[in-house]
Amino acid sequence: MGRAFEYRKATKLARWGHMARTFTKIGKEITIAVRAGGPDPDGNPRLRVLIKQAKDENMPKENIERAIKKATDKSTEGYKEINYEGYGPHGIAIFVETATDNNMRTVANIRSYFTKHGGNLGTQGSLQFLFDRKCVFTCAPKEGVDMDELELELIDFGVDELGVDDENNIIIYGAFESYSDIQKYLEENGFEIKSAEFVRIPNDLKEVTPEEREGVQKLIDKIEEDEDVQNVFTNMAPEE
């Protein structure tokens, strides 16, 4: 089992939090996917997965339709994906992904969180070298699957790691740019995709004491409360 899967297992990387925040996050991702690839799920693979994911999370149909309409309505501002990077207390690298319709508001909020909690917001791109960007698919268990054979076959599609979680779901990690190829393979071979995400796996983990962890976690919690924030990644070693 490789680095990405172990890190995910230790940090519960795929958990999205409570229902209201989940709906907000998926809704923004649907809007962004529609702007990038159009409103037809049959011709937009990313949108197709997100709609299924939304339904699995019991997101109301009207919420899904509203997110699609926001992307196609010329009179409304669309969301822009903007990243913010900085260091929290004790030198912990923090990478923040946002989807915002007001960049001035978002950057002011993110900067204030860092400042008030003993951190410093850096320039865009300053921390990208510390993280590997991956796509990760969670697929429902499938009878008759030999994991070793599946891994060998998926290598040609950009997959570099896979395993199973506690519920026997198949977890597949691949290169960020291989998302479409992996999704196509999974759909064509009868795998049920439960979720598909983009994550950033730290290249190196930084150990902290329990007291230091508490201070860093306060900053992370504050950032994650912001409605414009989609994901927060750090290089803080998971708690044992």
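1. K134 is buried, at a relative accessible area of 15% (buried means under 20%, exposed over 50%, partly exposed in between; 1.4 Å probe, protein chains only). Its salt-bridge partner is D160, at 2.6 Å from N to O (a side-chain nitrogen of Lys or Arg within 4 Å of a carboxyl oxygen of Asp or Glu). K134 sits in strand β4 (residues 131-139) and D160 in strand β5, so the pair ties together parts 26 residues apart in sequence. D160 is partly exposed, at 38%.

2. This is a predicted model: local features need pLDDT of at least 70, side-chain atom pairs count only at pLDDT 80 or more, and totals for chains, interfaces and linings use all residues. Residues are numbered from 1 along each chain as its sequence is written, and side-chain values use heavy atoms, with hydrogens and water left out.

3. β5 belongs to an open sheet of four strands, ordered β5-β6-β4-β7 with antiparallel pairing (strands are DSSP E runs of at least two residues, helices H or I runs of at least four, numbered from the N terminus; pairing takes at least two DSSP bridges). β5 (159-164) and β7 (193-202) are the edges, each with a single partner strand, so one side of each lacks a neighbour in the sheet.

4. Five bridges join β5 to β6 (residues 170-175). Among the bridge partners, E161 has Y173 in β6.

5. The salt-bridge count is eleven. K28 pairs with D228, closest N and O atoms 3.6 Å apart. K28 is in helix α2 (residues 19-37) and D228 in the loop between α8 (210-225) and β8 (229-234), 200 residues apart. Both are buried: K28 at 5%, D228 at 3%.
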